[in-house]
Amino acid sequence: MLHTFLLILAVLALLSIIFEEITHINKAKTTLFLGCISWIALFVAAGDGGHQKLVQERLSENLLEIATLWLFLMSTMTFVAYLNAKGMIQIIVGKLFPQQISVRMLMIQVALFSLGLSAICDNVTATLVSLGLLTTFQLDSHLRRRMAVLIIFAVNSGGVSLITGDVTTLMIFLGGHVHMIDLLLLVIPAAVAVILLAILFSLSAKGTVSAVPVQQQYETVDLIIALIFISTIILTMLLNILFGIPPVLTFLTGLSVMFLVGKTVHTDTEEIRILEYIRQVEYDTLLFFLGILLLVGMLKEIGVLDQLAQIYAGHNPDIANFVTGMGSALLDNVPLTAALLKADPQLALSGWLGLTYAVGVGGSLLVIGSASGIIAMSKVKELTFVSYLKYVPALLLSYCTGYGLTLLLGHYLNN
């Protein structure tokens with residue numbers, strides 16, 4: 001009875017996201033409410049003190065994971081929000097992209113830019129920077145939405161080839177199932193799939209677009225903070241690889257350096273204005289993450305994810321990985337991957353590479369299936385759950401192409 005009730009709450013949360021345009025109720029509020037109610041129900045149903053203590057321990061673990069993500073998001077979003085407010089992102093993009101470019105070439109360049117960026121830094125940062133890139137071009141609402149979908153797929157694809165790009169890739173690597181050189185080969189299927197999607201999206205695109213002239217005058221301190229951001233990204237990778245330092249700790253350190261540098265040159269009034277800008281823009285995104293992760297933690301607590309792992313172990317790995325990737329469009333890929341690793345399936349190299357690609361890219365099939373999609377939905381007003389569905393056929397074709405190439409590479413390496 002309890003499990004049925006909790007599953008109903010999870011379905012209601014999904015429906016609240018899908019029908020947000022009809023109900024006009026913010027999805028961040030509904031998912032947070034239902035996520036909290038689900039854990040309250042677990043406590044009420046626990047009964048005696050011993051079971052309540054167990055639920056408390058599980059909730060604490062879940063909140064620790066959420067807090068880590070929140071702090072990481074807050075750090076990266078603060079950097080990006082500051083640089084965007086100062087016009088630094090537009091200036092940097094202006095150096096990389098021409099003032100006038102055809103729509104088709106813009107799509108390919110943006111796709112490759114997002115793909116490469118997400119391979120060297122986390123998906124959240126890559127998404128924010130790539131979406132900031134769109135603001136520099138004069139795009140109509142339809143084209144801006146299509147570009148946002150392309151960025152989501154490209155960002156998720158780029159993260160599969162390096163342990164710095166995606167948490168699930170790091171988890172599989174640390175489990176000793178793949179080597180660094182094996183992961184680097186995933187760049188090939190990832191790039192092919194992204195370019196394919198860019199071509200599909202550009203078939204009906206015509207004409208050229210112009211970049212918005214950048215009028216902002218930046219100060220020396222803005223360049224310093226931009227360098228701090230880049231240095232933080234590089235150090236995040238190096239310190240994690242060399243010393244196992246959690247990425248969130250390195251980014252918080254970088255954020256503290258940013259604040260110390262900014263405090264020495266900015267007035268209190270300007271500093272407050274920047275903090276207000278960050279608070280207004282990002283808070284809904286953080287609340288949405290909180291609600292989603294509470295619900296996923298509840299599904300893990302009632303054993304739904306463990307059941308999925310058992311089903312996975314009983315099928316052909318190539319097919320199971322493909323379906324698992326599609327499943328990650330509904331369930332967070334981190335606990336899903338953790339559950340699969342816990343089941344300890346006996347896979348060949350092709351199987352592990354297939355799983356790495358599938359759980360990394362499969363979340364792109366729905367806008368709520370990845371952190372990149374959730375952030376894009378909060379940033380691009382034209383992008384909603386329903387409007388995203390029209391792009392699913394092209395996304396599915398690109399996903400299938402990338403997954404198929406991954407299997408071919410994996411089987412070649414097996415031999």
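# Exercises on a predicted model

Keep in mind as you work that the model is predicted.

## Exercise 1: Follow Arg 58 to its partner

Task: find which residue forms a salt bridge with Arg 58, and where in the chain the two partners sit.

Solution. 

Step 1. Arg 58 lies in helix H4.

Step 2. Check the charged atoms. Arg 58 forms a salt bridge with Glu 301, and their closest N and O atoms are 3.1 Å apart. That is inside the 4 Å cut-off for a salt bridge.

Step 3. Locate the partner. Glu 301 belongs to helix H14 while Arg 58 belongs to helix H4, so the pair links distant parts of the chain, 243 residues apart.

Step 4. Look at the surroundings. The C-alpha atoms of Arg 58 and Met 298 are 9.2 Å apart in space, although 240 residues separate them in sequence.

Step 5. Helix H14 (residues 268-301) has the lowest mean pLDDT among the elements of the protein, 69. Where pLDDT is low, the predicted coordinates should not be read in detail.

## Exercise 2: Complete the salt-bridge list

Task: state how many salt bridges the count gives, then describe the one made by Arg 144.

Solution. 

Step 1. Start with the total. The count comes to 2 salt bridges.

Step 2. Describe the pair. Arg 144 and Glu 382 meet through their side chains in a salt bridge, at 2.5 Å from N to O.

Step 3. Arg 144 is in helix H8 (residues 141-158), and Glu 382 is in the loop between helix H19 (371-379) and helix H20 (385-389), so the pair ties together parts 238 residues apart in sequence.

Step 4. Arg 144 counts as partly exposed because its relative accessibility is 24%, whereas Glu 382 counts as buried, at 14%.

## Exercise 3: Buried or exposed?

Task: decide whether Ser 118 and Leu 242 are buried or exposed.

Solution. 

Step 1. Recall the cut-offs. Buried means under 20% relative accessible area, and exposed means over 50%.

Step 2. Apply them to Ser 118. This residue sits in helix H6 (residues 103-120). Ser 118 has 0% relative accessibility and therefore counts as buried.

Step 3. List its neighbors. Beyond residues up to four places away in sequence, Ser 118 touches Asn 123, Ala 126, Ala 154, Val 155, Gly 158, Gly 159 and Gly 165.

Step 4. Apply the cut-offs to Leu 242. This residue sits in helix H12 (residues 220-243). Leu 242 has 61% relative accessibility and therefore counts as exposed.

Step 5. Widen the view. Leu 242 is part of a nonpolar surface patch with Leu 227, Ile 230, Ile 234, Leu 235, Leu 238, Ile 241 and Phe 243. Together the patch residues have about 810 Å² of accessible area.

## Exercise 4: Explore the surroundings of His 177

Task: find where His 177 lies and which residues it touches.

Solution. 

Step 1. His 177 is in the loop between helix H9 (167-174) and helix H10 (180-184).

Step 2. In H9, Thr 168, Thr 169, Leu 170 and Ile 172 are buried. Just after H9, Gly 176 takes a positive phi of about 80 degrees.

Step 3. Read the contacts. Not counting residues up to four places away in sequence, His 177 touches Ile 172, Leu 341, Leu 349 and Trp 352.

Step 4. His 177 counts as partly exposed because its relative accessibility is 23%.

Technical notes. Residues are numbered from 1 along each chain as its sequence is written. This is a predicted model: local features need pLDDT of at least 70, side-chain atom pairs count only at pLDDT 80 or more; totals for chains, interfaces and linings use all residues. Side-chain values use heavy atoms; hydrogens and water are left out. pLDDT is the predictor's confidence in each residue, from 0 to 100. Helices (H or I, at least four residues) and strands (E, at least two) are DSSP runs, numbered from the N terminus. Patches are made of residues with over 30% relative accessible area and no salt bridge: like charges are joined within 9 Å, nonpolar side chains (Val, Leu, Ile, Met, Phe, Trp, Tyr) within 5 Å. Accessible areas come from the Shrake-Rupley method with a 1.4 Å probe; for residues, only the protein chains shown count as cover. Buried means under 20% relative accessible area, exposed over 50%, partly exposed in between (1.4 Å probe, protein chains only). Contact means heavy atoms within 4.5 Å.
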